[in-house]
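Q: Can you walk me through this one? I'm new to it.

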Amino acid sequence: MRRIGVLILLSLVIFAIVFGGEGIVDTSKRLEPPSAEEPFGTDTLGRSLLTRTAGGLASSLVIASAVTVISTALGIILSYLYTLPRFPKEILLSVADTMKAVPSIVLALFLASLSGPGIMKLIAAISISHISDISRTAYSKTAMLMNEEFVEAERCIGARNSRVFFRIMLPHIMPYLAFQGVSIFLSAIIAESTISYLGCGIAAPQPSLGSILSEARPVMLSSPHTVLFPAVVLLLLGIALELIAISFSESDTASERSHQGELVGIAEVSSDRKT
């Protein structure tokens with residue numbers, strides 16, 4: 001299942017790299033149906049839908065990738081901070097839980113509308129909207145490992161907090177953060193498309209799948225190709241990411257038992273070192 005998802009995702013990435021662009025305005029060719037010259041047809045301004053759809057896909061992938069990297073890095077930082085005894089984790093978790101009361105896409109839309117259009121502003125808005133998810137995941141996995149005997153044994157023999165975290169705890173936290181990262185990537189794709197559809201995302205003339213669908217809304221009945229191809233690309237992207245996320249979930253469940261056995265082995269070694 002993961003291979004199918006990765007194959008679809010790679011095909012879409014190649015499509016975005018090869019054909020992506022803003023398109024050239026030519027009103028004499030507006031709303032032309034798909035043809036050999038223009039496989040996806042043209043939009044309301046005569047621009048190539050193939051070029052703009054690929055460009056919008058590229059924009060979505062770049063924004064989602066940046067949001068995922070920022071969120072994963074934030075998860076690692078928070079996981080480390082949660083191991084510090086004087087870090088006010090209760091306050092941060094209370095703020096994160098309060099943010100969780102508002103759906104992430106609504107919060108991202110609110111922040112994007114305040115900051116205005118632009119890729120960097122959109123990345124910041126979507127990243128902030130996912131702080132609650134990554135914060136709670138980082139805390140739950142860190143708290144679970146902090147109670148393990150091998151971590152306590154390492155601390156008893158005088159290991160520094162940074163060494164205990166980066167050498168022992170982080171390898172067991174990363175799989176969960178990776179799974180969370182795939183979910184955030186998919187959520188960021190949806191958020192970017194929705195915000196751009198509502199006119200608060202990427203500034204024109206740079207394409208976005210959401211803005212392409214928004215521009216096609218008045219003519220979708222008379223020229224359905226203006227909606228069909230961007231929607232199919234967005235659907236394929238969602239299917240690919242969903243397949244990858246499901247495979248991550250299944251592999252995490254299957255590897256949980258092996259992780260438990262590995263933790264027992266580490267605990268035995270640490271106990272021997274302590275003795």
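**Pockets, cavities and salt bridges**

A: Start with the largest pocket, which holds about 150 Å³ of space. Keep in mind that this is a predicted model.

Q: Which residues are closest to the centre of the largest pocket?
A: Ser196, Gly199, Ile202, Ala204 and Ser211 are the closest to the centre, out of 14 residues that line the pocket.

Q: Which helices supply at least two residues of that lining?
A: Helices α8 (161-197) and α9 do. Helix α9 gives the most, with three residues.

Q: And how does the lining of the largest pocket split by class?
A: The lining has six nonpolar residues, six polar ones and two charged ones.

Q: What lines the second largest cavity?
A: Its lining is made up of Asp43, Thr44, Leu49, Arg52, Ile212, Glu215, Ala216 and Thr226. By class, that is three nonpolar, two polar and three charged residues.

Q: Which helices are involved there, with at least two residues each?
A: Helices α2 (49-82) and α9 (209-216). Helix α9 gives the most to this lining, with three residues.

Q: OK, salt bridges. How many are there?
A: The whole structure has five.

Q: What does aspartate 43 pair with?
A: Aspartate 43 forms a salt bridge with arginine 47, at 2.9 Å from N to O. Aspartate 43 also belongs to the lining of the second largest cavity.

Q: Is aspartate 43 buried or exposed? And what about arginine 47, buried or exposed?
A: Aspartate 43 is buried, because its relative accessible area is 5%, under the 20% cut-off. Arginine 47 is at 6%, so it counts as buried too.

Q: Which glutamate forms a salt bridge with arginine 47?
A: Glutamate 215 does, and the closest N and O atoms are 3.4 Å apart.

Q: How accessible is glutamate 215?
A: Its relative accessible area is 30%, so glutamate 215 is partly exposed.

Q: Which residues are joined in one network of salt bridges?
A: Asp43, Arg47, Arg52 and Glu215, through salt bridges that share partners. Asp43, Arg52 and Glu215 are also among the residues lining the second largest cavity.

Q: What about lysine 29, what does its side chain meet?
A: Lysine 29 meets glutamate 37 in a salt bridge, 3.6 Å from N to O.

Q: How accessible are lysine 29 and glutamate 37?
A: Lysine 29 has a relative accessible area of 32%, so it is partly exposed. Glutamate 37 reaches 58%, so it is exposed.

Q: Where does leucine 31 lie?
A: In the loop between α1 (2-19) and α2.

Q: Buried or exposed, for leucine 31?
A: Leucine 31 counts as buried, because its relative accessibility is 19% and the cut-off for buried is under 20%.

Conventions. Residues are numbered from 1 along each chain as its sequence is written. This is a predicted model: local features need pLDDT of at least 70, side-chain atom pairs count only at pLDDT 80 or more; totals for chains, interfaces and linings use all residues. Side-chain values use heavy atoms; hydrogens and water are left out. On a 1 Å grid over the protein atoms alone, a cavity is a set of points where a 1.4 Å probe fits but cannot get out, and a pocket is an open set with protein on both sides within 12 Å along at least five of seven lines; lining residues have an atom within 4 Å of a point. Helices (H or I, at least four residues) and strands (E, at least two) are DSSP runs, numbered from the N terminus. Ala, Val, Leu, Ile, Met, Phe, Trp, Tyr, Cys and Pro count as nonpolar, Asp, Glu, Lys and Arg as charged, and the others, Gly among them, as polar. Buried means under 20% relative accessible area, exposed over 50%, partly exposed in between (1.4 Å probe, protein chains only). Grid points are joined across faces, edges and corners, and a volume is the space filled by probe spheres set on the points. A salt bridge is a side-chain nitrogen of Lys or Arg within 4 Å of a carboxyl oxygen of Asp or Glu.
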